[in-house]
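Subject: Structure handover

Hello,

I am passing this structure on to you.

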Amino acid sequence: MISAHCNFCLPDSSDSPASASLVAGTNRCVPPCPANFFRSHWSLSLSPADLPTPQAVEPQVIVQRAPAPSRMQMPQGNPLLLSHSLQELLARDTVQVELIPEKKGLFLKHVEYEVSSQRFKSSVYRRYNDFVVFQEMLLHKFPYRMVPALPPKRMLGADREFIEARRRALKRFVNLVARHPLFSEDVVLKLFLSFSGSDVQNKLKESAQCVGDEFMNCKLATRAKDFLPADIQAQFAISRELIRNIYNSFHKLRDRAERIASRAIDNAADLLIFGKELSAIGSDTTPLPSWAALNSSTWGSLKQALKGLSVEFALLADKAAQQGKQEENDVVEKLNLFLDLLQSYKDLCERHEKGVLHKHQRALHKYSLMKRQMMSAAVQNREPESVEQLESRIVEQENAIQTMELRNYFSLYCLHQETQLIHVYLPLTSHILRAFVNSQIQGHKEMSKVWNDLRPKLSCLFAGPHSALTPPRSPPQSPPEDGLCPH
């Protein structure tokens with residue numbers, strides 16, 4: 001009977017030669033499951049009668065394996081540790097994703113993207129559904145790695161702003177994948193970035209379906225536990241909390257950076273309209289009334305000067321817009337890239353808890369039900385055939401549980417490496433801050449030059465009765481150099 005808050009223990013390798021039994025549904029041999037695994041991961045218990053009965057295996061299916069090294073005999077060069085730097089990852093590839101003109105389908109228009117890779121020196125056309133299949137194949141082959149999420153599918157009546165935001169998100173997605181140490185060497189990525197045929201989706205599916213996932217192809221998969229630290233569960237919990245906090249903080253930074261860039265673009269629009277209004281005043285052709293004829297020269301000079309100022313305001317608007325666009329590309333987009341990476345880590349943690357561990361619990365529950373059925377059949381003296389079938393199912397379930405245990409340790413092994421990868425990306429913060437500071441310095445420097453060039457031209461706006469320049473008085477608190485005289 002399953003009970004909460006108790007311990008469940010499987011036999012040790014010394015109890016049975018079942019350590020060489022084949023995993024159900026695969027051609028792999030799996031070592032025995034650790035005796036203390038379930039104690040640390042969930043609270044279930046079975047009575048001694050419910051424990052798996054050691055099953056002998058046929059000699060021909062036993063595959064000899066070298067004994068796995070113990071923690072004290074760990075070989076030099078622990079494969080768990082990554083040695084990549086941020087510069088190395090960024091240098092792996094740079095992928096551009098650009099919109100191409102919309103094509104009209106039978107009923108609706110669809111958007112295509114030109115995807116260009118520096119590494120493969122390729123340029124291919126992809127639709128959104130191609131990205132979807134690409135991501136699905138990555139999740140199929142690498143379920144225990146950080147596969148970034150895709151932006152949402154196009155909604156009916158999507159505007160240009162939505163399409164542009166999705167293009168940027170797709171670009172971030174494919175660059176994160178192309179720079180991942182494992183994904184960058186996989187055939188699925190090469191197909192997506194370089195295959196120019198029309199059936200890219202089928203090619204992607206064929207390349208992923210002919211092989212299993214990373215657990216089935218990694219030589220170290222069944223020995224992952226040997227490389228993990230003893231306190232891996234505590235480390236995982238701490239790392240998850242730390243990265244959750246980092247994500248929340250960077251999310252706020254991104255929101256503020258977006259507002260700063262948006263204000264620069266709004267400022268550009270306001271400056272442009274301001275200049276156009278000045279030009280409109282200068283271009284006014286309404287005739288002067290007779291009673292104002294004495295001041296006709298003043299009005300004419302003022303109009304001419306105002307009309308000329310629109311050029312400087314248009315230049316100011318252009319500088320402000322450039323600053324806003326530069327901050328969108330160099331600051332906001334890099335923050336979004338880092339946030340996408342952090343979100344993929346959070347998704348991976350959820351897959352580990354709700355996927356691997358949940359499947360373990362379901363498998364154990366199913367196993368306990370089978371053992372109850374077995375005991376009931378023995379009591380009721382059922383037919384030998386039905387008992388043998390039930391025994392066969394129990395053996396398969398034991399193998400499945402063993403495989404799930406190994407997958408859990410391999411999942412933790414991958415999580416440990418992906419956590420290191422997050423920390424490799426942390427210096428990106430310095431790049432982002434440097435880009436933000438440089439943008440502010442350059443933007444203010446260029447706009448300050450235009451403002452200073454504009455000041456001398458204001459003098460002709462104020463003409464006296466005999467065309468003598470009478471500049472406006474400076475405020476009492478202003479220093480003399482703040483008047484109309486140029487530097």
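This is a predicted model: local features need pLDDT of at least 70, side-chain atom pairs count only at pLDDT 80 or more; totals for chains, interfaces and linings use all residues.

Helix pair

The two helices are α9, residues 232-282, and α12, residues 428-454. Their axes come within 13 Å and cross at roughly 15°. Angles under 35 degrees count as roughly parallel, so α9 is roughly parallel to α12. The crossing of α9 past α12 is left-handed.

On the α9 side, the contact is made by Phe250, Ile260, Asn267 and Leu271. Their counterparts in α12 are Thr429, Phe436, Gln440, Met447 and Trp451. Sorted by class, the residues where α9 meets α12 are six nonpolar and three polar, with no charged residues.

Cavities

A search of the whole structure gave two cavities of 30 Å³ or more. These notes describe the second largest cavity, whose volume is about 50 Å³.

Which residues line the second largest cavity? They are Met146, Pro148, Leu176, Arg179, His180, Leu341, Ser344, Leu421 and Tyr425. Two elements, α10 (296-380) and α11 (384-425), each give two or more residues to this lining. By class, the lining of the second largest cavity has six nonpolar residues, two polar and one charged. Arg179 is the charged one, since Arg counts as charged. His180 and Ser344 are the polar ones.

Regards

Note on methods. Residues are numbered from 1 along each chain as its sequence is written. Side-chain values use heavy atoms; hydrogens and water are left out. Axes are lines fitted to C-alpha atoms, for helices over the stretch in contact, and angles run from 0 to 180 degrees between N-to-C directions. Helices (H or I, at least four residues) and strands (E, at least two) are DSSP runs, numbered from the N terminus. Angles under 35 degrees count as roughly parallel, over 145 as roughly antiparallel, 65 to 115 as roughly perpendicular and the rest as oblique. A crossing is left-handed if the near helix is turned anticlockwise from the far one by less than a right angle, and right-handed if clockwise. Contact means heavy atoms within 4.5 Å. On a 1 Å grid over the protein atoms alone, a cavity is a set of points where a 1.4 Å probe fits but cannot get out, and a pocket is an open set with protein on both sides within 12 Å along at least five of seven lines; lining residues have an atom within 4 Å of a point. Grid points are joined across faces, edges and corners, and a volume is the space filled by probe spheres set on the points.
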